[in-house]
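Q: I have a model open and want to learn how to read its features. Where do we start?

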Amino acid sequence: MTKKYTLGEDELPREWYNVVPDLPEPLPPLLNPATGEPLPPEAFERLFPRELVRQEFSGERFIPIPEELLEVYRLWRPTPLIRAERLERALRTPARIYYKYEGVSPPGSHKPNTAVAQAYYNVREGVERLTTETGAGQWGSALAFATNLFGLKCTVYMVRASYEQKPYRRVLMHLWGAEVVPSPSPRTESGRKILEQDPNHPGSLGIAISEAIEDAVSHEGTKYGLGSVLNHVLLHQTIIGLEAVRQMEEAGDFPDYVVGCVGGGSNFAGLAYPFYYLKVSGKAPKDTRFIAVEPTACPSMTKGVYTYDFGDTARLTPLLKMYTLGHDYVPPPIHAGGLRYHGAAPTLSLLVKHGLFESVAYNQVEVFEAATLFARTEGFVPAPESAHAIKAVIDLALEAKRRSEEVVILFNLSGHGLLDLRAYQEFFEGVLPPYEYPREKVEESIAKLKALLAERGITV
Ligand SMILES: Cc1ncc(COP(=O)(O)O)c(C=O)c1O
């Protein structure tokens, strides 16, 4: 039996897929948080280069990938599609399980698919430096890798707690030439304000975002890079699904289920949207179901509310219509650092709202159990984020066994966990709590958000 489906370099997709024209209703616009009015594209040009702004607002279904970028993608793409038959055997399931493995990129996740595109368009428009934030370090190391390739400078604001506790991603960013600043920092007004109140503040993703944005807008030749959520980021990630469509063809199979973990939504959308396109355009041989998996500690789609909210804690971003726990959500210390985002991408949120995509949540203990079974059967050590998808896949495969159904399941193994071994250690020591975020906290946050917007005369 073929284990791995690999494409040749000449088979790299030449266009990304933009889901916007295929959504069930027009995507609600990004709003100015001061007035509640839709923001025009020009409003984003201080933060992003013009081409990325154009992509963000584009209604074109396919957008060409420049030749120079294809050249860079060839460093690690096309990525393999692998049949998880050892896992199937261990589960004694009639289901056929396939995974797209994004851990083969130099930083070890799907994040560089957009990082290299962002670096490329910034360089082309004369930008000299990019700023960004990172929590556990996956996105920061992807942007460090990408800026290094294109000769850009890079400043990464890294949540101080992770900066101190997770040194290896920090070392990786240094290795690729980025400057890594523990956040909150004395570099920015937002950082200084927090440090005045608490010089030992551990930081948060919300604070790091504020620092990165403030740094970008207050320095010439500097712009900001974003790791998930917005349309242009998800667009770049569709290279994953576009490859997977061809690889599934090669395998002679088609998925009944497409599964992925969701932080902001980029790796899941990247795999799922090209299959969604086949479905809505009547080209899919099956009525595929799309399953988004999140932690019970950060259940944006399973317990959150679909409404306009800020993208960051410090309220510097526009208002986005999405599933949210409220922008003042304080993440419990769970190990899937990349899934601790209070919202979810607007396009994905809209699809969930319409019931076209489904969502489930699991706690980190059951997730690490699933990751361990995967590592012991398939060998690869999954990133704790990706392991959420694995847990959902195992449940689907066991359900197929109960019903004696030969379903086909495809999931995204978005990254490897070789720099997350401490989390595995804590799992083996039995010290990871199965945390669940309470619904009352969501209600409290959303009530505060509505009151805040009402004060500004905005009703959403
Ligand atoms: C390996 C991995 N998977 C998934 C995610 C979640 O992000 P997204 O939902 O944008 O794919 C992250 C974020 O850092 C990650 O590092």
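A: Start with one loop. P78 sits in the loop between α2 (67-73) and β4 (81-83). Keep in mind that this is a predicted model.

Q: What is the peptide bond from R77 to P78, cis or trans?
A: Read omega for that. The bond from R77 to P78 is cis, with omega near -10°.

Q: Which residues does a cis peptide bond join where omega is about 10°?
A: Those are S183 and P184. P184 is in the loop between β8 (179-183) and α8 (189-197).

Q: Next, backbone phi. Which residue has a positive phi of about 50° although it is not a glycine?
A: That is R92. R92 belongs to the loop between α3 (85-91) and β5. V229 also has a positive phi, about 70°, and is not a glycine either. V229 lies in the loop between β9 (222-224) and α10 (231-237).

Q: Is R92 buried or exposed?
A: Count C-beta atoms around the residue. At 12 or fewer within 10 Å, a residue is called exposed; at 20 or more, it is buried. R92 has 9 other C-beta atoms within 10 Å, so it is exposed.

Q: And V229, buried or exposed?
A: V229 is buried, because 24 other C-beta atoms lie within 10 Å.

Q: Now the domains. Which residues make up domain 1 and domain 2?
A: The domain assignment gives domain 1 as 4-15 + 78-108 + 237-453. Domain 2 is 112-226. The centres of domain 1 and domain 2, taken over C-alpha atoms, are 25 Å apart.

Q: How is the size of an interface often given?
A: Often as the accessible area lost when the parts come together. Here we can count residues instead. Domain 1 brings 17 residues to the contact, and domain 2 brings 21.

Q: Which elements give two or more residues to the side of domain 1 that touches domain 2?
A: They are α11 (239-251) and α12 (266-280). By class, this side of domain 1 has seven nonpolar, eight polar and two charged residues.

Q: Let us zoom in on α11. What is in contact with E243, leaving aside its neighbours within four places in sequence?
A: E243 is in helix α11. Its contacts are L7, P13, P78 and T79.

Q: How do I read strand pairing?
A: Look for bridges, then for direction. Six bridges join strand β5 (residues 96-101) to β15, and the two run parallel.

Q: Why is strand β15 described as largely enclosed by the rest of the structure?
A: Because five of the six residues of β15 (residues 408-413) are buried.

Q: Where do the side chains of a regular strand point?
A: They alternate between the two faces of the sheet.

Q: Which residues have the most contacts inside the largest nonpolar core?
A: V156, V259, V393 and I409. The core has 135 residues. Helix α16 gives the most to it, with nine residues. Domain 1 and domain 2 each supply at least three residues to this core.

Q: What is in contact with V393, leaving aside its neighbours within four places in sequence?
A: I97, V259, I409 and F411.

Q: How many residues surround the ligand?
A: Read the shell first, then its classes. There are 18 residues around the ligand; the closest are Q138, S228, G263, G338 and G415. Elements giving two or more residues to the shell are α5 (138-150), α12 and α16 (384-403). The shell holds five nonpolar, 12 polar and one charged residues.

Note on methods: Residues are numbered from 1 along each chain as its sequence is written. This is a predicted model: local features need pLDDT of at least 70, side-chain atom pairs count only at pLDDT 80 or more; totals for chains, interfaces and linings use all residues. Domain bounds come from an automatic or database domain assignment. Two residues are in contact if their C-beta atoms, placed from the backbone, lie within 7 Å. Helices (H or I, at least four residues) and strands (E, at least two) are DSSP runs, numbered from the N terminus. Ala, Val, Leu, Ile, Met, Phe, Trp, Tyr, Cys and Pro count as nonpolar, Asp, Glu, Lys and Arg as charged, and the others, Gly among them, as polar. Two strands pair if DSSP finds at least two bridges between them. A residue is near a molecule or strand if its C-beta atom, placed from the backbone, lies within 6 Å of it. A nonpolar core is a set of buried Ala, Val, Leu, Ile, Met, Phe, Trp, Tyr and Cys residues joined through C-beta atoms within 7 Å.
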